[in-house]
Structures are given as C-alpha cells and as structure tokens.
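Visitor: Please take me through this model, and begin with the charged side chains.

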Amino acid sequence: MPGNRAALWLVPDEEDQVPRLERFRAAHPEVVILLRGTLPKAWVGSRKIERSTLRGLLDELEEIFLSDAQASQAGSPQ
C-alpha cells in the first residue's frame, strides 16, 4: 500500500528502499516479500530468494522480472 511507512522499522539503514519496495509490491502483488527475520526473503512462485539487504533483494527481483519481460517480448511476433 503506497505511502505506508510501517515497514521502515523493519529495514534499518535502508529507509530509501521503502518507496522502491512499495512500487514493486504494487506492480507484483503475487510476490511474497518478508522483511522479518535476519534476511529479507521473497518467493517468486516456488522459488525462495534471500539476500542480506532489502536493496539486494529488490535488485534480484527486478532482474528476474526484467528477464521474464524480455523473454516474453522476444517470443512474441512483431
């Protein structure tokens, strides 16, 4: 939910990533992202992704979805 800053306390030293997280969640509501615990985690389908920082997790997720989008475009007729 955009503008929700409740997650700020969960991402110390990465407050700048919260708007990015909100945008990603709005664009991909099917992805489960958990910030509690020692490492930020996400599930894309049955694939679990863990990174040491929220920034690293969002980088990985954006790369996955960018690759998927590019593969879809490459397979569609022009």
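Visitor: What does R51 count as in terms of relative accessibility?
Guide: At 31% relative accessibility, R51 counts as partly exposed. Buried means under 20% relative accessible area, exposed over 50%, and partly exposed in between, with a 1.4 Å probe and protein chains only. Please note that this is a predicted model, in which local features need pLDDT of at least 70 and side-chain atom pairs count only at pLDDT 80 or more, while totals for chains, interfaces and linings use all residues. Residues are numbered from 1 along each chain as its sequence is written, and side-chain values use heavy atoms, leaving out hydrogens and water.

Visitor: Which side chain meets R51 in a salt bridge?
Guide: That of E60, at 3.3 Å from N to O. A salt bridge here is a side-chain nitrogen of Lys or Arg within 4 Å of a carboxyl oxygen of Asp or Glu. At 18% relative accessibility, E60 counts as buried.

Visitor: How many salt bridges does the structure hold?
Guide: It holds 7. One of them brings together the side chains of R20 and D59, at 2.5 Å from N to O. R20 lies in helix α1 and D59 in helix α2, so this pair links distant parts of the chain, 39 residues apart. Helices (H or I, at least four residues) and strands (E, at least two) are DSSP runs, numbered from the N terminus.

Visitor: And R20, buried or exposed?
Guide: R20 counts as buried, at 14% relative accessibility. D59 is partly exposed, with a relative accessible area of 39%.

Visitor: What about K48, with which residue does it form a salt bridge?
Guide: With E50, where the closest N and O atoms are 3.9 Å apart. K48 is partly exposed at 47% relative accessible area, and E50 is partly exposed at 32%.

Visitor: Let us move to the strands. Which residue stands opposite K48?
Guide: W43 stands opposite K48, which belongs to β3. Strand β2 (residues 41-44) runs antiparallel to strand β3 (residues 47-50), with 4 bridges joining them. Two strands pair if DSSP finds at least two bridges between them. A42 has I49 in β3 as its bridge partner.

Visitor: Which residue in the turn between β2 and β3 has a positive phi?
Guide: G45, with a phi of about 65°, in a hairpin that has 2 residues between its strands.

Visitor: And with which other strand does β2 pair?
Guide: With β1 (residues 32-34), in the antiparallel sense over 3 bridges. V32 has W43 in β2 as its bridge partner. β1 and β2 form a hairpin with 6 residues between them, and G37 in its turn has a positive phi of about 100°.

Visitor: How many aromatic pairs does the structure hold?
Guide: It holds 1 aromatic pair. F24 and F65 form it edge-to-face, at 5.6 Å centre to centre and 70° between the planes. F24 lies in helix α1 and F65 in helix α2, so the pair ties together parts that are 41 residues apart in sequence. Rings of Phe, Tyr and Trp (its six-membered ring) pair if their centres lie within 6.5 Å; planes under 30 degrees apart count as stacked, over 60 as edge-to-face and the rest as tilted. Both F24 and F65 are buried.
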